[in-house]
Amino acid sequence: MPTAIRIERTGGPEVLTPADVEVPSPGPGEVLIDVAAAGVNYIDTYQRAGVYSMNLPYTPGLEGAGTIAEVGAGVTDLAPGDTVAWQGYPGGYAQRAVVPADIAVPVPDGVPAETAAAVMLQGITAHYLVNSTYPVSEGETILVHAAAGGVGLLLTQLAKAKGARVLGTVSTAEKETLARRAGADEVIRYTDRDFSEVVDELTGGEGVPVVYDGVGASTYDASLRCLRRRGMLVLFGASSGPVPPIDPQVLNSGGSLYLTRPTAADYVATRDELTRRTGDLFSAVAAGTLDVRVGARYPLADARTAHEDLEGRRTTGKVLLVP
Ligand SMILES: NC(=O)c1ccc[n+]([C@@H]2O[C@H](COP(=O)([O-])OP(=O)(O)OC[C@H]3O[C@@H](n4cnc5c(N)ncnc54)[C@H](OP(=O)(O)O)[C@@H]3O)[C@@H](O)[C@H]2O)c1
C-alpha cells in the first residue's frame, strides 16, 4: 500500500506516482495528521502540469481532514486526537501529512471529517466569492459557470441562501439536474448554446451584475457580454485553459466593467478570517442547510484516475482521495 502520491516531474496525470515516503515529525508550530480524506482540486492539476510552479519532487494535494497524531513544539491549542481540517498547504495526497498548526481548524461534532475535507478549499472559495469579492444581494440575478462542479454547487447554494436568482451553466443533463437541486433557477447548457444570448433573454436584455467564471478560456469573452453596466467579471479559475491578455478597453466599451482575478489565500489572510469562513461553512453543514456533495471517492493509489476524471469533465461536486 502506498503511503503517499509523489510528483517527480511535471506532466499529465501519469506523473502522479504512488510511493512509500517517510513522514517527518512535526516541527515547531506544526501538527502531524492521520489523513481521513484528502481533497482533489482543480489547482492540483495546474501544479501537476507545471502551469503553477512547485519545487520538485513534492506530494500534491492542498487540503484534507483527519486526526492529529502528534503536535510540534509551541502548539498549545491543538492536541493529539483532535479532528482538524486544513487547506492551502501541499502534502494532502498521503496517509499522514505535516501542516502548520495555524492553518488547521478544529472540526466540530456533527461534521464528518470527510465532509470537512470536502468543504475546505471549494467552500472557502464559494464563501468569499459571494460575500466578499462581489457581495451578492437579495433579488439579484447572477451567473455561475460550471454550476455542478465542486465550487459551483456550493456557490449556487450560498447565493440562493442570500436570496439571489441563480443562472448556472453546465455541460450535461446529469449536471443540470444537480445544479437545479442545488437551487439554480435556470440552467444553461453552454456546450449547446451561446450562453450570453440566453442570459440576455433571461434578464430582459439588462445583463447580470456579476459572473463567477472559473472556466476561463472558453467562457470569459461571452461572460463579459453577459454583464450589465458596471458589472463585475470574477475570473477565479481556468478549467478550460488560461485566459489570454485582456485589453482594458474591453471594460470601457462593455459598460465600465470591473474585472478581478481573486485567489483564496488573500481571502483567508488571517487566522480570524479563516475561522470565520470555515465556522460559517461548518455551521451550515451541521444545520443541514449546506449540502456538500461528494461526487467521487478514490483510493489514494488511484490519484491518476481522479485527475483524469476531473480534467475530463466527468466529475460533479467534490472529488476525494481516501487513504
Ligand atoms: N481562485 C480561487 O481561490 C479558487 C479556489 C478553488 C477553485 N478555483 C477554480 O475554480 C474552478 C472550479 O474548481 P473545482 O475544483 O470546483 O472544479 P470543478 O468545477 O469541479 O471542475 C471543473 C469543471 O469545469 C467545467 N469545464 C468547462 N470547460 C472545461 C474543460 N475544457 N476542461 C475541464 N473542465 C471544464 C466542467 O464542468 P461542465 O462539464 O459542467 O462544463 C468541469 O466539471 C477551477 O478553475 C479552479 O481552479 C479557484
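I count a polar contact as a pair of N or O atoms within 3.5 Å. I note at the start that this is a predicted model.

Entry 1: At A264, a backbone N or O atom lies 2.8 Å from an oxygen atom of the ligand. At P262, a backbone N or O atom is 3.0 Å from a nitrogen atom of the ligand. Next I looked up the cover: on its own the ligand has 900 Å² of accessible area, and the protein covers 92% of this.

**Entry 2: the shell.** Which elements give two or more residues to the shell around the ligand? I found α1 (42-49), α3 (121-133), α4 and α10 (303-311). The largest share, three residues, comes from α3. I counted 28 residues around the ligand, and the ones that come nearest are Y128, S171, K175, Y190 and G214. Sorted by class, the shell has 13 nonpolar, 11 polar and four charged residues.

**Entry 3: helix α3.** I compared the span of α3 with that of a straight helix. For 13 residues a straight helix would span 18 Å at 1.5 Å a residue, but α3 spans only 16 Å between its end C-alpha atoms. I also checked burial and found α3 mostly covered, with 11 of its 13 residues buried. Among the buried residues are Q122, H127 and T133. Y128 is buried as well, and I had already listed Y128 with the residues that come nearest to the ligand.

**Entry 4: helix α4.** Why do I call α4 largely enclosed by the rest of the structure? I do so because 10 of its 12 residues are buried. The buried residues include G150, G152, T156 and Q157. Just after α4 I noted G163, which takes a positive phi of about 90°.

How values were computed:
Residues numbered from 1 in each chain as written. Predicted model: local features only at pLDDT ≥ 70, side-chain atom pairs only at ≥ 80, totals over all residues. Heavy atoms only, no water. Buried < 20%, exposed > 50% of the residue type's maximum accessible area, 1.4 Å probe, protein only. Helix = DSSP H or I, 4+ residues; strand = E, 2+ residues; numbered from the N terminus. Near = heavy atom within 4 Å. Polar contact = N/O pair within 3.5 Å; in protein donor to acceptor, adjacent residues only side chain to side chain. Areas by Shrake-Rupley, 256 points an atom, 1.4 Å probe, with all protein chains shown as cover. Nonpolar A, V, L, I, M, F, W, Y, C, P; charged D, E, K, R; others polar. Expected span 1.5 Å × (residues − 1).
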